[in-house]
Amino acid sequence: MLWTQELSVGVDTIDEQHKKMFQMAEELFRAERQHKEKEFLAEMLCFLNEYVKKHFADEERYMSEIGYPGIALQKKEHAYFARQLEILNKDFESSGGDIILVINANHIILEWIKNHISKLDRSIGEYAKSLT
């Protein structure tokens, strides 16, 4: 999956963070093709742990600043993703990155990109554009 300008929220910091998420997802797929997904998974989880803290805070602050009406749903989705990430981290600690964990991580990331970034976050950009 590639980030395109159509996915832009219109805020450079948020768009750059989204681009990084897409890049990391692509790197996970590349690692899978090379059968190195277990090795990459620790790096991916480290990235996601930092991403969730910074990106969600930045995005929620921006939505608040522009009075985005869908902020409650966004916060709910962010909390859900953070809970899924906690589970992935615990599973990684106990399994060391078995194939089930790799599949689960892949699924969670793909769903997030497909349903959250490309739909919900895109609507933030559309709303922001309507204000100008």
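Analyst: A crossing is left-handed if the near helix is turned anticlockwise from the far one by less than a right angle, and right-handed if clockwise. In this structure, H3 passes H4 in a left-handed crossing. A word on the source: this is a predicted model, where local features need pLDDT of at least 70 and side-chain atom pairs count only at pLDDT 80 or more, while totals for chains, interfaces and linings use all residues. Residues are numbered from 1 along each chain as its sequence is written, and side-chain values use heavy atoms, with hydrogens and water left out.

User: At what angle do the axes of H3 and H4 cross?

Analyst: Helices are DSSP runs of H or I with at least four residues, numbered from the N terminus. Axes are lines fitted to C-alpha atoms over the stretch in contact, and angles run from 0 to 180 degrees between N-to-C directions. Here the axes of H3 and H4 cross at roughly 165 degrees and come within 11 Å. H3 is therefore roughly antiparallel to H4, a label for angles over 145 degrees.

User: Which residues of H1 and H4 meet?

Analyst: Contact means heavy atoms within 4.5 Å. On the H1 side, His 18, Met 21, Phe 22, Ala 25, Leu 28, Phe 29 and Glu 32 take part, and their partners in H4 include Val 102, Ile 109, Trp 112 and Asp 121. The residues of this contact divide into 11 nonpolar, 2 polar and 2 charged. (Ala, Val, Leu, Ile, Met, Phe, Trp, Tyr, Cys and Pro count as nonpolar, Asp, Glu, Lys and Arg as charged, and the others as polar.) H1 covers residues 12–33 and H4 residues 99–130; they pack at about 150 degrees, with axes 11 Å apart. H1 and H4 are therefore roughly antiparallel, and H1 passes H4 in a left-handed crossing.

User: How do H2 and H3 cross?

Analyst: Helix H2 (residues 37–66) and helix H3 (residues 71–95) cross at roughly 165 degrees, their axes coming within 11 Å. That makes H2 roughly antiparallel to H3. The crossing of H2 and H3 is left-handed. Among the residues making the contact are Leu 41, Leu 45 and Phe 56 of H2, together with Phe 81, Leu 85 and Phe 92 of H3. Sorted by type, the contact of H2 with H3 has 13 nonpolar, 5 polar and 3 charged residues.

User: Where does H4 bend?

Analyst: A bend is the angle between axes fitted to the seven residues ending at a residue and the seven starting there. H4 bends by about 35 degrees at His 116, and H2 by about 30 degrees at Tyr 51. After H2 comes Gly 67, with a positive phi near 70 degrees.

How values were computed. Helix = DSSP H or I, 4+ residues; strand = E, 2+ residues; numbered from the N terminus. Parallel < 35°, antiparallel > 145°, perpendicular 65-115°, else oblique.
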